[in-house]
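Dear colleague,

I would be glad if you read the notes with the coordinates open.

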Amino acid sequence: MSKIDAPIRIAHIIGKMMSGGVESVVMNYYRHIDRTRVQFDFIIDDDSTIVPVEEIESLGGRIFKIPPYQKPFAYHKALKQLLIRENYRIVHSHINTLSVFPLFAAKRANTPVRIAHSHSTAGKGEFARNILKYTLRPFSKIFPTHYCACSEYAGRWLFGDKLYDRGMVNLVKNAIDLSKFRLDPLVRDAVRRELGVENRLVIGHVGRFMKQKNHSFLIDIFEQVHLRNPDSVLVLIGEGELEFEIRAKVERLGLADSVRFLGVRDDVQRLLMGMDLFLLPSLYEGLPVVGIEAQACGLPVVASDTVTSEIKVLDNFVFISLDSSAVEWADETLVTLRDCDDRVVAFELFFYAGYAIESAVVNLKEYYRRL
């Protein structure tokens with residue numbers, strides 16, 4: 001292939017690859033984009049724990065590991081040398097306020113197009129992390145040449161109203177392959193048999209065990225649901241630094257027989273089909289892809305009002321304040337279940353809302369080519 005015919009190769013700065021939501025979004029786009037025109041390389045921290053090496057390499061991508069940003073001098077040196085050596089024309093950073101570090105290195109490497117992508121915001125309950133975010137946020141517009149965000153809320157939070165209102169923030173929706181999430185009754189029955197929950201109320205959650213996802217409060221909510229419905233089961237998908245703490249709390253509350261810890265799974269779409277309701281009590285979010293996936297399966301969702309309202313596509317998505325008690329959350333959960341219509345999803349709504357990966361990748365490809 002001549003240089004003229006070669007695809008544009010984008011350097012995606014991921015940070016720590018640990019099977020989180022951001023990685024899921026980037027991989028969704030990578031799987032579906034026209035890779036004869038656009039290719040992805042992944043620059044990740046060398047302490048990343050879950051890296052789909054075989055899949056990325058089979059699709060034509062490359063993985064480069066560098067020291068984490070917590071080692072600023074080694075990080076900067078390694079990244080700058082890498083960007084110079086590979087001569088990237090576009091660097092796309094997905095690490096929110098921390099993008100100041102890689103995009104500074106990209107500027108010093110004379111990379112002409114430097115994209116900062118906002119996937120998240122800030123919220124209550126993470127004092128130290130929020131101090132860092134608010135300290136770095138004023139620098140978020142110094143080193144990038146272009147701006148992206150998963151939602152209007154995330155874009156305004158990081159880049160400001162003025163920049164957003166001038167149309168300078170490109171929205172890249174957390175799009176999914178909708179066909180994978182169409183509810184299949186046979187799959188639903190199979191999942192419930194596998195988990196041994198055929199005749200039970202199954203509440204689910206997908207997310208890393210970290211402060212942001214608010215697992216401790218999630219357990220409090222489920223405890224109240226379980227008091228009202230002893231046949232209820234909570235299914236938790238993910239892993240993380242707080243998992244041991246949450247397991248201990250589950251044991252302490254006597255809920256061990258009713259809470260399933262499934263770890264990291266590559267069949268989330270199947271597991272969602274086996275659930276009856278999805279809980280999302282996050283302290284903050286940009287636009288969580290799992291909230292879109294849950295709706296695509298027809299699941300009713302009860303989420304904290306810190307999650308952007310832009311995520312709501314179907315009527316059975318309900319917001320509730322984190323200031324409300326676990327009892328109030330449990331009441332809302334059971335009311336939402338009772339009022340939920342049949343799980344028949346109007347897929348047209350997702351297409352019109354911009355969450356179909358087939359159309360979203362075309363927009364992203366053209367965005368890169370314009371740049």
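A crossing is called left-handed if the near helix is turned anticlockwise from the far one by less than a right angle, and right-handed if clockwise. The model is a predicted one, in which local features need pLDDT of at least 70 and side-chain atom pairs count only at pLDDT 80 or more, while totals for chains, interfaces and linings use all residues. Residues are numbered from 1 along each chain as its sequence is written, and side-chain values use heavy atoms, with hydrogens and water left out.

Helices here are DSSP runs (H or I, at least four residues), numbered from the N terminus. The crossing of helix 3 and helix 4 is right-handed. Their axes (lines fitted to C-alpha atoms over the stretch in contact, with angles from 0 to 180 degrees between N-to-C directions) come within 9 Å and cross at roughly 45 degrees, which makes helix 3 oblique to helix 4 (angles under 35 degrees count as roughly parallel, over 145 as roughly antiparallel, 65 to 115 as roughly perpendicular and the rest as oblique). Contact (heavy atoms within 4.5 Å) involves, among others, Tyr75 and Leu79 of helix 3 and Phe101 and Phe104 of helix 4.

Helix 9 (residues 215–228) and helix 13 (residues 326–339) have axes 8 Å apart and pack at an angle of about 60 degrees, and are therefore oblique to each other. Their crossing, too, is right-handed. The residues in contact include Phe217 and Ile221 of helix 9, and Trp329 and Leu334 of helix 13.

Notes. Helices (H or I, at least four residues) and strands (E, at least two) are DSSP runs, numbered from the N terminus.
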